[in-house]
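Please read the following briefing alongside the sequence and the model.

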Amino acid sequence: MKRLLFAGAFFLILILIWQFLIYANIWSHVLIPSPVEVIQYLIASTKDGTLLSATYVTLRRLLQGYAVGLIVGIPIGLLNARFQLFEDTIGTIALGMQTLPSVCWAPLAILWFGQTEKAMFFIVVMGSVWSIALATDTGVRNVPTIYIRAARTLGSKGLHTWLKVILPASLPFIITGMKQGWAFAWRSLMAAEIYITVLTGFGLGNLLHYGRELHAMDGVVGVMIVIIIIGLSVDKFIFSSLENFVHMRWGTQKSIRQL
């Protein structure tokens, strides 16, 4: 309860400071909306269904691309860790692609697929798959050798060792890669929706784009807040829960606050 009270008080103070700066007329109201204007936009756009529809479209695109990123990225990471040939070829490509900003894929996707859902899907996959592959590769390489030796002493070998020893031991790294892949997928999709207008549905990125074009900064800030809330919710209720489960399962849960 104390943590919730302190956190609530902290964010309330930030909102009050924001409102005070608006009253002080330091910036133009056209450029920086007040908290009241942002709340009014969120309420109005929720009532007319605009915000809910855009959120649904964005999450649908995100989940589709992210799922493919997982399906492709994890096997690539496992192959890179197992075979030197894959590490020298696919691993080098993955490392190079990871350094490439997601927005760079937008012009190429538009030329290949046009203003379509396929272009957005491609951008999301390319934005997430490489970080997942690299994290999986790192996780497998950091599995303590003693685990593998102990398993082999007990008769484990081949695929059994991979499924029962290496893969479970590398799960903390894989989950971290999944979290990074989710973050990169978000950024990739926002870039795609800002660049690409698909008539089959307008997402949150499209609302950001049109808010900028119409100088509706209350809408821009409101959509940004929605994106942040969704990101925090996914991290808190999905990825943090997975991390806690893995650490509790293997008895590795610890905190610097306990030292």
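This is a predicted model: local features need pLDDT of at least 70, side-chain atom pairs count only at pLDDT 80 or more; totals for chains, interfaces and linings use all residues.

Gly 114, which comes just after helix 6, takes a positive phi of about 75°.

**Helix 6 and what covers it**
- Helix 6 spans residues 105–113, and its buried residues are Trp 105, Ala 106 and Ala 109.
- Viewed down the axis of helix 6, these buried residues fall within an arc of 95°, so they line one face of the helix.
- The cover over the buried residues of helix 6 includes helix 5 (90–98), helix 7 and helix 10 (171–195).

**Ser 131 in helix 7**
- Ser 131 lies in helix 7, which runs over residues 117–141, and this serine is buried, with a relative accessible area of 2%.
- The side chain of Ser 131 reaches the backbone oxygen of Ser 128 at 3.0 Å.
- When residues up to four places away in sequence are not counted, Ser 131 touches Gln 98, Gly 177, Gln 180, Gly 181 and Phe 184.

- Phe 10, Phe 11, Ile 13, Leu 14 and Ile 17 make a nonpolar surface patch of about 500 Å².
- Phe 10, one of the residues of this patch, has its place in helix 1, residues 2–23.

Technical notes. Residues are numbered from 1 along each chain as its sequence is written. Side-chain values use heavy atoms; hydrogens and water are left out. Patches are made of residues with over 30% relative accessible area and no salt bridge: like charges are joined within 9 Å, nonpolar side chains (Val, Leu, Ile, Met, Phe, Trp, Tyr) within 5 Å. Accessible areas come from the Shrake-Rupley method with a 1.4 Å probe; for residues, only the protein chains shown count as cover. A salt bridge is a side-chain nitrogen of Lys or Arg within 4 Å of a carboxyl oxygen of Asp or Glu. Helices (H or I, at least four residues) and strands (E, at least two) are DSSP runs, numbered from the N terminus. Buried means under 20% relative accessible area, exposed over 50%, partly exposed in between (1.4 Å probe, protein chains only). A polar contact is a pair of N or O atoms within 3.5 Å; within protein, one must be able to donate a hydrogen and the other to accept it, and residues adjacent in sequence count only if both atoms are side-chain atoms. Contact means heavy atoms within 4.5 Å. The arc is that of the directions from the helix axis to the C-beta atoms.
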